[in-house]
Amino acid sequence: MGGLLDVILGYDCNLACDYCTITPEMRRQALATEQVVAAMRSARARGYDTISFTGGEPTMRRDLIGLVRAARKLGFIDVKVQTNGLVLGHGDNARRLREAGVDRIHLSIHTHAAEAYDELVRSPGSYPRMVAGLEQVVASGAAVVADVILKRGTVDRLADAIAWVRARGVRAADLWFVSLTDGNRDNVGSLPRMTEAMPAISRALTYARAHGMTVRSLHVPRCLLGPDHVHAYDPGADRVQVVTPEATFELKDSRLAGRIHVPACGGCPFEQVCPGVRPDYLEVYGDAEVAAARGQAPTMRPRRLAVV
């Protein structure tokens, strides 16, 4: 049967990114080691065979290496850690994590430009630590995926960011469209129109194809990706259970996933495979872009003020 167990160990982090959805209250929440092991055992009994440790920042956990070893002992065949990489640039941390059993590391570079990075993570001097972490992870032999955020202030440099990670030995990247939930709920100015972002996304995807890279676009509906729709990725289409400090749920039900099919989605050739549009996006921009892509009139008015 298979499936992915996605474990959010806790919400504490050593950065304070300006688009982060985690609130100060959430940062105090974390799963105990015993809770994580119990969740892993339960998942294995139900056929889940891959696992992801994320947060917050999972490398801040002293029990992370022990949890990775436990996952391997329980029979998980693929172990992933999602991280900002700052801790992994120190000493042999990256190598130790790899030797414990980590197969792949998703490293959030956010954006590749030094000044923009430090401003985004709101922690001056963090950029060299992120770069060092990335270099150590690549050297460890783990499979590496760069996570890049698409928001105002980063999206225009997207193609350069993809070229930057490729020059450092990374051959895969995931593009995350910024979300207006929880701690980022009121940061409407961070959310660009998808149609405004598409020229930059298209340039990045064109570069990736030309250089043999695997780049996946999350959250942008296939109708808006147009010829680039083959890069669309919906992790919720697979069997994924998310375990958090406060709840356990299926990824397809997450607020960060597309969950709404608007009227224009009817009859679309991608209707059966596209998860739809995120509620937070529709609140700001309505369905005008999707409707236009389908040659129809919009039916949903924005309920929040878009900031241009």
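**From the whole chain to one residue**

A compact globule of 308 residues would have a radius of gyration near 19 Å, and the chain agrees with this expectation because its own value is 19 Å. The model under discussion is predicted. Along the principal axes, the C-alpha trace spans about 55 × 45 × 40 Å.

Within these dimensions, the chain contains ten helices and nine strands. Among contacts between residues at least 6 apart in sequence, 72% join residues that are at least 24 apart.

The next topic is the division between interior and surface. Of the 308 residues, 52% count as buried. The accessible surface of the chain comes to about 13600 Å², and carbon and sulfur atoms account for 51% of that area.

The chain carries 38 positive and 34 negative side chains. The centres of these two sets lie 3 Å apart.

Where in the chain is the place of Ser108? Ser108 belongs to strand S4, which covers residues 104-110. Is Ser108 buried or exposed? The relative accessible area of Ser108 is 15%, and a residue counts as buried when this value is under 20%; therefore Ser108 is buried. When residues up to four places away in sequence are left out, Ser108 touches Thr83, Asn84, Met130 and Asp147.

Key:
Residues are numbered from 1 along each chain as its sequence is written. This is a predicted model: local features need pLDDT of at least 70, side-chain atom pairs count only at pLDDT 80 or more; totals for chains, interfaces and linings use all residues. Side-chain values use heavy atoms; hydrogens and water are left out. Helices (H or I, at least four residues) and strands (E, at least two) are DSSP runs, numbered from the N terminus. The radius of gyration is taken over C-alpha atoms; the globule rule is 2.2 Å times the number of residues to the power 0.38. Buried means under 20% relative accessible area, exposed over 50%, partly exposed in between (1.4 Å probe, protein chains only). Contact means heavy atoms within 4.5 Å. Accessible areas come from the Shrake-Rupley method with a 1.4 Å probe; for residues, only the protein chains shown count as cover. Lys and Arg count as positive and Asp and Glu as negative; His and the chain ends are not counted. The place of a charge is taken as NZ of Lys, CZ of Arg, CG of Asp or CD of Glu.
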